[in-house]
Amino acid sequence: MLRCAAGRAVLLSALLSRLAAGYSELPTAVNITWSSINFKTILQWQPKPSGYFYTVEIHGQTSDIKKKCILTTETECDVTDALQDVKETYIAHILSITSTEMDNFEEPPFAVSEKFTPYSQTVIGKPEIKNYTQKGSELTVVINDPVTPYTFPNGSFQTIRDIFQHDLEYKLYYWKDQSSGKKDATTKSHTFEVSVESTKNYCFYARGIVPSRRKNRNGQDSTMSCTSVGRSIFDEYGAEVFIIIAVIAIAIITLAIVLPVILCKRKKARAPREKEPLNVI
């Protein structure tokens with residue numbers, strides 16, 4: 001009996017040693033990066049696995065471990081729903097494993113990511129210019145908050161405003177069309193109202209800002225828009241059109257002055273010849 005037990009122990013020990021040796025030969029992930037825009041967060045790493053798999057574990061400072069992308073052969077994983085507490089700081093363990101059975105015997109090798117806090121590190125994406133008007137000397141621009149992947153209990157999506165609250169600002173950059181001199185304005189709401197020249201067209205774009213951040217305060221720029229109040233051919237094409245039109249006008253005026261003079265001189269030169277008598281044969 002004792003010999004059987006001793007034999008099983010030796011066999012189990014040999015099996016564990018073999019499994020451990022197999023694990024030690026597996027490559028671990030390198031170049032681990034967090035990519036996050038508007039709280040949608042993707043974890044990426046290298047290399048592409050061959051003969052083994054990856055499993056991602058998300059570890060929070062106060063939250064339970066969450067497993068994502070179990071036994072994947074990909075080198076990226078959407079971990080957004082594992083980061084629900086956006087002010088929590090997380091690290092990721094990327095495990096290299098050959099099969100689910102091996103987890104029962106030995107902890108597989110793994111690589112550890114850098115720390116990531118969604119609230120302070122996610123990039124603020126491009127805001128949408130909802131609408132804009134230029135009436136007289138006032139330009140009004142209305143912004144739509146970017147939407148996040150997180151939802152309210154009723155299923156509607158939260159915006160970055162819902163998460164950042166009063167910690168979110170928008171900055172508007174605007175300038176006269178065809179000019180390089182920029183001005184800017186800041187608001188904690190969705191609406192800008194800035195003074196402009198009533199006869200000039202203006203172009204502008206906006207970006208979100210989180211002033212409390214030490215790094216990564218500025219978000220991505222929205223698409224550029226331009227007003228079209230009083231837009232003329234000169235606004236569209238610039239001084240080149242004015243020069244062409246001026247040259248054509250000068251040519252027409254010159255022709256109008258010179259042509260009558262030439263015709264008059266030719267008429268006077270022809271008149272004496274018409275008065276000469278015909279030669280009689």
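This is a predicted model: local features need pLDDT of at least 70, side-chain atom pairs count only at pLDDT 80 or more; totals for chains, interfaces and linings use all residues.
Residues are numbered from 1 along each chain as its sequence is written, and side-chain values use heavy atoms, with hydrogens and water left out.

Let me stay with the disulfides for a moment. The structure holds two of them, and, counting bonded cysteines along the chain, they follow the pattern 1-2, 3-4. The torsion about the S-S bond of Cys69 and Cys77 is about 95°, so this disulfide is right-handed. Buried here means under 20% relative accessible area, exposed means over 50%, and partly exposed lies in between, using a 1.4 Å probe and protein chains only. Cys77 is buried at 1%, whereas Cys69 is partly exposed at 28%.

The other disulfide is formed by Cys203 and Cys226, whose sulfur atoms are 1.9 Å apart. Its S-S torsion is about 105°, so it is right-handed. Cys203 is buried at 3% relative accessibility, and Cys226 is partly exposed at 27%.

Now to the charged side chains. A salt bridge is counted when a side-chain nitrogen of Lys or Arg is within 4 Å of a carboxyl oxygen of Asp or Glu, and by this rule there are eight. One of them pairs Lys40 with Asp78 at 2.8 Å, N to O. Strands are DSSP runs of E with at least two residues, numbered from the N terminus. Lys40 lies in strand β2 (residues 40-46) and Asp78 in strand β5 (residues 76-78), so this pair ties together parts that are 38 residues apart in sequence. Both partners are partly exposed, Lys40 at 42% and Asp78 at 32%.

Finally, the core. A nonpolar core is a set of buried Ala, Val, Leu, Ile, Met, Phe, Trp, Tyr and Cys residues joined through side-chain atoms within 4.5 Å. Which residues have the most contacts inside the largest one? They are Leu43, Trp45 and Ile58, in a core of 43 residues. If contact means heavy atoms within 4.5 Å, and residues up to four places away in sequence are not counted, then Trp45 touches several residues, including Val30, Ile32, Tyr54, Val56 and Cys77.

Conventions:
Helices (H or I, at least four residues) and strands (E, at least two) are DSSP runs, numbered from the N terminus. A disulfide is a pair of cysteine sulfur atoms within 2.5 Å.
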